[in-house]
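Subject: Structure handover

Hello,

Here is the structure for you to take over. Please open it first, then read my notes below.

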Amino acid sequence: AILAQASSSICRHRPVFVGKMEAMKEQAKKTLEEQIGNAAPGSIKCCFPCCGGPVGTLEKMSFMIPADQKDMVMDMIKKYKDM
């Protein structure tokens, strides 16, 4: 009876835990998207709305990223997509 009670207690709280994990994941993804947007050259920021936001735009126009930042930005994009 105690095992069943403990098991039902764990199952009952699992959705709350999963919900919190999803919220943390979404917040991390949003923060990473902001960082990617801030790393974008000003000349392509106007393309964000039509090219899928900062991530999509920089992925499509990676040739516009300054050479000294390209590896960092592409790593952030990969991390964003893996989330």
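Lys-78 is exposed, because its relative accessibility is 52% (exposed means over 50% relative accessible area, buried under 20% and partly exposed in between, with a 1.4 Å probe and protein chains only). Its side chain meets that of Asp-82 in a salt bridge, at 3.0 Å from N to O. A salt bridge here is a side-chain nitrogen of Lys or Arg within 4 Å of a carboxyl oxygen of Asp or Glu. Asp-82 is exposed too, with a relative accessible area of 56%. Both residues lie in helix 3, 4 residues apart, or about one turn of the helix. An α-helix has 3.6 residues a turn, so residues three or four places apart point the same way.

**What you are looking at**

The model is predicted: local features need pLDDT of at least 70, side-chain atom pairs count only at pLDDT 80 or more, and totals for chains, interfaces and linings use all residues. Residues are numbered from 1 along each chain as its sequence is written, and side-chain values use heavy atoms, with hydrogens and water left out.

The protein has 3 helices and 0 strands. Helices (H or I, at least four residues) and strands (E, at least two) are DSSP runs, numbered from the N terminus. The order from the N terminus is α-α-α. Of the 83 residues, 28% are buried. Take the contacts with a separation of 6 or more: residues 24 or more positions apart account for 36% of them. Contact means heavy atoms within 4.5 Å.

**Helix 2 against helix 3**

How do helix 2 and helix 3 pack, and at what angle? Helix 2 covers residues 53-60 and helix 3 covers residues 67-82; their angle is about 130° and their axes are 10 Å apart. That makes helix 2 oblique to helix 3. Axes are lines fitted to C-alpha atoms, for helices over the stretch in contact, and angles run from 0 to 180 degrees between N-to-C directions. Angles under 35 degrees count as roughly parallel, over 145 as roughly antiparallel, 65 to 115 as roughly perpendicular, and the rest as oblique.

Helix 2 brings Val-55, Leu-58 and Glu-59 to the contact. Helix 3 meets them with Val-73, Ile-77, Tyr-80 and Lys-81. These residues divide into 5 nonpolar, no polar and 2 charged.

Glu-59 and Lys-81 form a salt bridge, with their closest N and O atoms 3.2 Å apart. This pair links distant parts of the chain: Glu-59 is in helix 2, Lys-81 is in helix 3, and 22 residues separate them in position. Glu-59 is partly exposed, at 36% relative accessibility. A search of the whole structure finds 2 salt bridges.

**Inside helix 2**

Why is helix 2 described as largely enclosed by the rest of the structure? The reason is that 6 of its 8 residues are buried. They are Gly-53, Pro-54, Val-55, Gly-56, Thr-57 and Leu-58.

Thr-57 is buried, at 0% relative accessibility. Leaving aside neighbours within four places in sequence, Thr-57 contacts Ile-44, Cys-47, Phe-48 and Cys-51.

Pro-54 is buried, at 13% relative accessibility. Not counting residues up to four places away in sequence, Pro-54 touches Glu-33, Ile-36, Gly-37 and Phe-48. Its C-alpha atom is separated by 9.2 Å from that of Ala-39, 15 residues away along the chain.

**Two loop residues**

Cys-47 sits in the loop between helix 1 (2-39) and helix 2. Cys-47 is buried, at 17% relative accessibility. Beyond its neighbours within four places in sequence, Cys-47 contacts Thr-57 and Met-61.

Ser-62 lies in the loop between helix 2 and helix 3. Is Ser-62 buried or exposed? Ser-62 counts as buried, at 18% relative accessibility. With neighbours within four places in sequence left aside, Ser-62 is in contact with Lys-70 and Met-74.

Best wishes

Conventions. Ala, Val, Leu, Ile, Met, Phe, Trp, Tyr, Cys and Pro count as nonpolar, Asp, Glu, Lys and Arg as charged, and the others, Gly among them, as polar.
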